[in-house]
Amino acid sequence: MIELYCASCERRYPEEARRWLCECGSVLEVSSPVAFPKPKIATHPPNLWRYREALPLSPASPVVSLGEMLTPLIQPDPLFPRLYCKLDFLFPTGSFKDRGSAILISKAKELGISSVIEDSSGNAGASIAAYCARAGISCEVFVPARTSEAKLAQIKAYGAQLIKVEGSREEVGKAAFEAARRAYYASHSFNPYFFEGTKTFAFEVWEQLGWAAPDLLIVPAGNGTLLLGAYLGFQQLMEAGEISKLPRLVGVQSENCAPLFRAYQDGWSEIRPLEKTETVAEGISVARPIRGKQILEAVRKTRGFFLTVSDEEVIASLQAMAKIGLYLEPTSATATAAWEKVKGGPGMAEQVVVIPLTGSGLKASSTIAKIL
Ligand SMILES: *Cc1c(COP(=O)(O)O)cnc(C)c1O
Ligand SMILES: [Zn+2]
């Protein structure tokens, strides 16, 4: 049976209730049976649906798919043969967000939902819009009024309705939150099914490393959808007895907007408001991550840490990666920039390290042209 539950007040809801928030105001999690039948997994097609026995979807209903694939895990540096990059920019809309959207919109379809709301002017908005187009679900995407038309082109092309909201990113979120009283909120930060999708990142890494967990995972962190998804996935593998330790999670933030790093350094368990400044890593420029407390907990539980990178470091890493054939969105290059800062540390060459390459440079060619 699939249920939604609240970790703060322990209320539970049947999934048919179509909730995405607890009555107490906290975010919800999904509770559903999880299994990893390896021989069966190996016979399924090479895509994220091969872990279907660990996904909270009814076996009876068809999934909403755009032909995702098991993203390649490559070894980019002969000096560090245990370093792997996972090419998540190869997803249908150009970023890993498709992991979350594929599962979330499949669930929406299964529940008979006909219209959804999302708020994002970036990759999450494009991804949700694409999967809604595929599913025949109508989609409203709330964006800041001053977002450039070029940035909105992909979302618009998929046929989503753009709702432009005056004010800060936080005010856009508030407007979407209000509107979500009348339509299903397919939010990449609130809706727990999104994280049920991003957890497939962990399953793929586990299988591709020969059914083993890496030592370290270096992940860009804004709303933490990939970080928390990876944590959830590895936790489920651990509970199922498939791995014996969790990888240490390293959350990467921009120096110009680092609420998680700050809270971690100061030993806080919650995020405090902060002034953000512009950064090339706009995909992780999130001043107040909704699941901030959970992200901090996940990183602490794995004995991981946060670090920050400057725009200069991000640009240098973006250029270095392009020189070996990997064209990344600036936000994605935060993780490779972070690797540059930690790789000289003691014992690093012996560690199995995985870095997701989260977004394609093709998303940001005009920005990259300016940088070059
Ligand atoms: C969304 C995104 C991130 C950050 O993910 P969060 O869920 O905000 O932590 C990193 N890179 C790219 C390319 C993204 O689209
Ligand atoms: Zn609650």
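So, Phe36 and Phe203 are both buried, where buried means under 20% relative accessible area, exposed means over 50%, and partly exposed is in between, with a 1.4 Å probe and protein chains only. Before I go on: this is a predicted model, where local features need pLDDT of at least 70, side-chain atom pairs count only at pLDDT 80 or more, and totals for chains, interfaces and linings use all residues. Residues are numbered from 1 along each chain as its sequence is written, chains are lettered from A and ligands numbered from 1 in the order written, and side-chain values use heavy atoms, with hydrogens and water left out.

Back to the rings. Rings of Phe, Tyr and Trp (for Trp, the six-membered ring) pair if their centres lie within 6.5 Å; planes under 30 degrees apart are stacked, over 60 edge-to-face, and the rest tilted. That rule gives twelve aromatic pairs. Phe36 and Phe203 make an edge-to-face one, 5.0 Å centre to centre with 75° between the planes. They sit 167 residues apart, Phe36 in the loop between E3 and helix H1 (38-43) and Phe203 in helix H7 (residues 200-208). Helices here are DSSP runs of H or I, at least four residues, and strands are runs of E, at least two, numbered from the N terminus.

Next, Trp206 and Trp211: ring centres 4.6 Å apart and planes at 65°, so that pair is edge-to-face too. Trp206 is buried, at 0% relative accessibility, while Trp211 is partly exposed at 27%.

Now the metal. Which residues hold the zinc ion, ligand 2? The protein donors are the SG atoms of Cys6, Cys9, Cys22 and Cys24, at 2.2 to 2.3 Å. Donors are N, O and S atoms within 2.8 Å of the metal (3.2 Å for Na, K and Ca), and as water is not among the atoms, sites may look incomplete. The spacing in sequence reads C-x2-C-x12-C-x1-C. Cys22 is buried at 3% relative accessibility, whereas Cys24 is partly exposed at 38%.

Last, the sheet. Three strands form an open, antiparallel sheet, ordered E2-E1-E3, and strands pair if DSSP finds at least two bridges between them. Strands E2 (12-14) and E3 (29-31) are the edges, each pairing on one side only. Strand E1 (residues 3-5) pairs with E3 over three bridges, and Tyr5 stands opposite Glu29 in E3.
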